[in-house]
Amino acid sequence: MSRNGPPGGPGYGGERQDRMGAVAILAAIGLIVGAAVIQVSILTRLPLPGGTAELVLLVLIGIALGRGPQTGAAAGFGAGLVLDLMPPADHGVGRYAFVLCLAGYLLGLLGRRVDVDSTVGIMATTAVTATGVLLGFAAIGALTGDPRVTGPVVLRLLPSVVLYTTALAPLVARPLLGFFRPESHGAFGTVITARQAHRLNLLARRQEWWQ
Amino acid sequence: MLPADDRRARRVLAVLLAVSFALITLDARNPNSPPVAAMRDVAATVFGPLQEGATTALISPVEAVRARIGNSEPLSAEVERLRTENGALRQQLSTTVVNQAELRELGRLLQVAGAGEYRVVAARVIGIGPAQGLARTITLDAGRTDGLRPEQTVINGDGLVGRVLAVGLQSSTVLLTVDPSVAVGIRMEGSREIGVVTGTGGAVLTLQLLNPQARLYPGDRLVTFGSTAGRPYVPGVPVGSVVSVSRGADGASRTVEVLPYVRFSSLDLVGIVVEQVRRDSREAVLPGRGGELG
C-alpha cells in the first residue's frame, strides 16, 4: 500500500493519474453509454428476482479507481446524467448524477491510497459502493418527495442489487481498472503499467532494507 | 498526492455536485420545465435506437435457437407475426374488450359518445427500467413519428398495460399500471360499481370502490372507466380480477387486491391507442346537434 503518492511512486513513473488521453475519454464515454443500454435492454429482461446489476456503476468503479478523484467525479457525474435522462427513467434529473459524482470522487481517493486490485478487494469495494449508491439515490428521492420511495421497498431491493453487482465486479470492474490505470515509464524507457511500477517500488524498497 | 491536484479534484467535485443539486431542485419544482424536458427529449432520440439495437442483438440469437429447435417461427416470419399481433390487438379492442351492446350502455353511462373506432399502433418493448430505479417504466420502439403522444393508452392482448409518459422521435416511455404513482379509474364488470386501482410497485394492484358497501368477491373483473376524451385511459379495457378481499381490524375498511391480466414481467408487443372516439364525449347526452337543444 502506497500512502504517499500514486501507485508507481516517484521511482518508477511519477506520471499524474488524472490526465486522460482522448482515447481513454472516448473509451470511458462508450463504456458508460454501452453499459447503460445493456442494463435496461438486456439485464432487466433476465428472469432474476429483485433488482438488476448496476453495470454503469461497475464501469465507474474501474475508471475512478484507475484514474483518481478528479476523473472519478467527472465520470460519475456523466454516468449519472446518462442514467437520469435515458428512457425509461422517470425519476428527477440529477439524482444519479449527484450520487455517482460523489461515489466517483470517493472511489478515486480510495484508489490512490489502497491497492484494491484483487478479486476480494474489488468485490468489497463494489459491495460498499453499490449499497451507498442505492441508499443515496433513495434518500434524495425521499427528500424531494418521490412517492415511490418507501423504506420496505428499498430494503427489499438492496440485497439483490448488491449481490448481482458484486458478482459481476471481478468480470467488469477489475479488467476496466487495469485498462484505465495509466501506463508508467520504467527503467530504460520501457512502458510498464502503474501496478507493475508499484510492485517494483515495493521490491526496490525491500532490497534496500536487506542491504 | 500533490496538494494542487487534491485541491483541483475537490473543486471539480464541488462544481459538479452543485450542478446536480441545481438539476434536482429544478426538476422537483417542475418536472416539465423546458430545459429538463429538452434534455430528456435529446436522450430519448439518442438512446432509443441504441436500445432497439441491443434488444435486436439479444432477441435474434434467442429466436434463432428457438427456430432451430422447432419451437417457434423462423426469424423471417417476424414481420408476419407482428402484423398478425397488430390485427389481433385491434380485434381484441373491438370484440372481447368491448362487447358492442355493453359499450353502448357503458358509453351512455360514462357520457362517452358512441362506439368509437380505435386505431392502435403496435410497438415492441426495447427497454425495461431497473427495479432499483423504483419506477415501473418501459421503453417502446415507436415514437412521435408513429403518431404517439403523451397520455395515450397502452394495451396488449391481455388488457391494460399503462399510459405513454414521454415521447421521443422514435421511442417512447410508458408508465406501467403497477407503478406506485399510478391510479386508474375502473368499473366493476358485473355490478358497475366505480372505483380506483392503485399500483403498489409489486405484482398486484389495490382497489378502492367509491361505494365502500359494494359487494366484492374474488374473481370479479375490472375494466377501465375511461378518462375525458380517452386520455390517458380509453374506457372498457380489461384491467384485472379481484384476488383477495380482506377486512381491516375495525371491520369498516377493507383491502382489495387485484391481479392484473397483463404479465408485466414478460411484456413484448404492446399496442398504443393513437386515435380514439372522435366526437366530443359530452354530446351523447344532448338531444342533437345544430341548436336543437333548448
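Analyst: Buried means under 20% relative accessible area, exposed means over 50%, and partly exposed lies in between. With a relative accessible area of 0%, Phe180(A) is therefore buried. The model is predicted.

Start with the contact itself. Chain A gives 54 residues to it and chain B gives 51 residues. Together the two chains bury about 4,400 Å², with 69% of that on carbon and sulfur atoms. On the chain A side, the residues that lose the most area to chain B are Arg45(A), Pro88(A) and Arg148(A). Together they make up 17% of what that side buries.

Next, the polar count. Between chain A and chain B there are 16 residue pairs in polar contact, both residues at pLDDT 80 or more. Five elements of chain A give two or more residues each to the side that touches chain B: helix 1 (22–41), helix 3 (69–85), helix 4 (95–113), helix 5 and helix 6. Helix 4 of chain A supplies the largest share, 10 residues. By class, this side of chain A has 33 nonpolar, 12 polar and nine charged residues.

Now the charges. Side chains of opposite charge can pair when their charged atoms come close. The whole structure holds 10 salt bridges over all chains. The count between chain A and chain B is one salt bridge. Arg148(A) forms a salt bridge with Asp179(B), and the closest N and O atoms are 2.9 Å apart. This pair crosses between chains. Arg148(A) sits in the loop between helix 5 (119–143) and helix 6 (151–180) of chain A. Asp179(B) sits in the loop between strand 5 (172–176) and strand 6 (183–188) of chain B.

Two salt bridges within chain B follow. Asp41(B) and Arg144(B) meet through their side chains at 2.6 Å, N to O. Asp41(B) lies in helix 2 (residues 34–68) of chain B, and Arg144(B) lies in the loop between strand 2 (137–140) and strand 3 (153–156), so the pair ties together parts 103 residues apart in sequence. Asp41(B) is partly exposed at 27%, and Arg144(B) is partly exposed at 33%.

Glu189(B) and Arg221(B) form another salt bridge, at 3.0 Å, N to O. Glu189(B) is in the loop between strand 6 and strand 7 (194–199) of chain B, while Arg221(B) is in strand 9 (residues 221–224), 32 residues apart. Glu189(B) is partly exposed, with a relative accessible area of 34%. Arg221(B) is partly exposed as well, at 44%.

Last, the rings. A pair of aromatic rings is described by the distance of the centres and the angle of the planes. The whole structure has two aromatic pairs over all chains. Tyr96(A) and Phe137(A) are stacked, 4.2 Å centre to centre, with 15° between the planes. Tyr96(A) belongs to helix 4 of chain A and Phe137(A) to helix 5, 41 residues apart. Both Tyr96(A) and Phe137(A) are buried. Phe179(A) and Phe180(A) are edge-to-face, 4.9 Å centre to centre, with 85° between the planes. Phe179(A) is partly exposed at 48% relative accessibility, whereas Phe180(A) is buried at 0%.

How values were computed:
Residues numbered from 1 in each chain as written. Chains lettered and ligands numbered in written order. Predicted model: local features only at pLDDT ≥ 70, side-chain atom pairs only at ≥ 80, totals over all residues. Heavy atoms only, no water. Salt bridge = Lys/Arg side-chain N within 4 Å of Asp/Glu carboxyl O. Helix = DSSP H or I, 4+ residues; strand = E, 2+ residues; numbered from the N terminus. Buried < 20%, exposed > 50% of the residue type's maximum accessible area, 1.4 Å probe, protein only. Contact = heavy atoms within 4.5 Å. Buried area = accessible area lost by both parts, 1.4 Å probe. Polar contact = N/O pair within 3.5 Å; in protein donor to acceptor, adjacent residues only side chain to side chain. Nonpolar A, V, L, I, M, F, W, Y, C, P; charged D, E, K, R; others polar. Phe/Tyr/Trp six-rings, centres within 6.5 Å; stacked < 30°, edge-to-face > 60°.
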